Amino acid sequence: MRDRGEFDWSRQFSAQGGRAAPSEIQELMKILDRPGLISLAGGIPDAKLFPIAEIAAAHRRILDDPKRSGLALQYTHSEGFAPLREWLAGDWRRQGIDCGQENILVTSGAQQALDLVARLFLDNGDRLLTAPTLYIGALQAFGNLAPAYGELAELQQPRAPAAKLAYVMPDFANPTGLSMNLDERRALLEGAQARNVVLVEDGTYASLNYDGPPPASLMALSAGRSGAIDGARVIYCGTFSKSLAPGLRVGWIVAPAAVIRRLVLLKQASDLYTSLLAQMVLFEVVCNLGDTHGETLRRIYGMRRDAMLSALSKYMPGGVDWTKPGGGMFVWLTLPPECHATELCSRALEEENLAFIPGSAFYARSPSRNTVRLSFCLNDPETNAQGVERLARLVAR
Ligand SMILES: Cc1ncc(COP(=O)(O)O)c(C=O)c1O
């Protein structure tokens with residue numbers, strides 16, 4: 001007989017490993033295939049819009065080419081596929097900012113970018129400034145380092161405690177959908193300069209804009225002062241997950257070369273390099289598609305956003321407020337104060353076959369109980385409207 005006495009693993013975990021908490025969203029994702037369920041929960045793109053034929057053809061071309069197939073499947077260096085880095089650097093040069101491959105690190109999605117940046121800059125207890133709500137994966141990446149969270153507004157307060165890093169989503173933030181205007185971006189940068197804080201800019205949703213392109217990025221404003229990425233105090237995290245397909249797991253960091261060199265060392269310890277086959281495929285696909293795919297996504301997701309916003313106006317009872325995002329994937333609702341969104345979420349699943357994420361999952365500090373995140377990208381306009389109608393019925397009950 002084997003001894004089945006349970007070993008107490010928790011006593012063996014490191015402080016960091018033991019701290020990691022499961023995400024409510026990952027748990028919810030497990031029931032999303034229920035028949036008839038309308039999900040306004042996950043912040044995921046619509047798989048029906050992935051450019052599958054182009055991705056398949058690029059794989060075939062690369063693997064059928066004897067000069068490239070071996071390279072694609074071989075070990076490689078950590079910085080990333082040089083033509084892809086060059087292509088990304090070219091994007092900044094076209095904005096008049098000096099940027100070379102030494103300013104770019106290809107990562108396994110923006111999630112890894114956040115994890116590497118967190119590990120490079122934060123020690124336990126360092127002050128990290130954020131909006132009141134933030135992307136759950138950012139909470140996980142930063143939370144591993146047990147920072148002391150403070151408000152972004154502290155950048156404008158000379159007497160606030162010293163902070164190390166500020167995490168910002170100026171474009172169509174997850175979870176609120178809110179964006180910063182140009183003045184707010186400039187003020188943020190001024191504050192960061194005055195208080196000697198490094199800004200981490202998460203540009204995950206910047207390309208999904210439905211009412212025209214957003215104002216200049218924090219990176220463009222910061223680098224614009226010296227004319228070079230090397231003169232910036234911003235670390236920019238980007239990804240192809242929302243604009244092409246998350247399954248390829250390709251993202252990137254743009255930063256001064258001195259920062260990139262340190263990040264490369266951390267990445268080496270983490271995964272050596274991002275799948276070179278995925279990077280080569282992605283490079284072919286972006287070169288071949290140009291902006292046509294982006295235009296399609298903006299058109300279709302824009303209509304889905306419009307459908308959700310008009311359904312909210314049509315069905316929601318008084319006392320409910322919501323954001324009107326110019327892009328991204330999310331609308332953020334504030335329900336009457338007596339509403340408890342987590343309870344509403346369980347009732348929504350039982351009584352209305354509807355899924356959404358209670359807002360409390362997204363707070364770094366003191367969560368509000370009466371907020372909700374709705375995602376509008378995954379469903380066609382009619383389903384978005386039906387989902388909102390179901391939610392409104394529940395709120396009114
Ligand atoms: C704000 C934000 N940042 C980063 C990520 C991570 O994206 P990726 O798939 O590139 O790792 C996400 C994913 O949803 C996100 O919403």
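Helices, runs of at least four residues, and strands, runs of at least two, are DSSP runs numbered from the N terminus. The legends below describe close-up views of a predicted model.

**View 1. Leu-272 in the loop between helix H10 and helix H11.** Helix H10 covers residues 257-271 and helix H11 covers residues 276-289, with Leu-272 in the loop between them. Although Leu-272 is not a glycine, its phi is positive, at about 65°. Leu-272 counts as partly exposed, its relative accessibility being 41%.

**View 2. Arg-249 in the loop between strand E7 and strand E8.** The loop that holds Arg-249 lies between strand E7 (234-239) and strand E8 (251-254). Arg-249 is not a glycine, yet it has a positive phi of about 55°. With a relative accessible area of 36%, this arginine is partly exposed.

**View 3. The cis peptide bond from Asn-174 to Pro-175.** The omega of this bond is near 20°. Pro-175 belongs to the loop between strand E5 (165-168) and helix H8 (182-195).

View 4. A search of the whole structure finds zero disulfides. Cys-339 takes part in no disulfide, and the nearest cysteine sulfur, that of Cys-345, is 13 Å away. A disulfide requires two cysteine sulfur atoms within 2.5 Å. Cys-339 counts as buried because its relative accessibility is 13%, under the 20% limit. Cys-345 also counts as buried, at 8% relative accessibility.

Conventions: Residues numbered from 1 in each chain as written. Predicted model: local features only at pLDDT ≥ 70, side-chain atom pairs only at ≥ 80, totals over all residues. Heavy atoms only, no water. Buried < 20%, exposed > 50% of the residue type's maximum accessible area, 1.4 Å probe, protein only.
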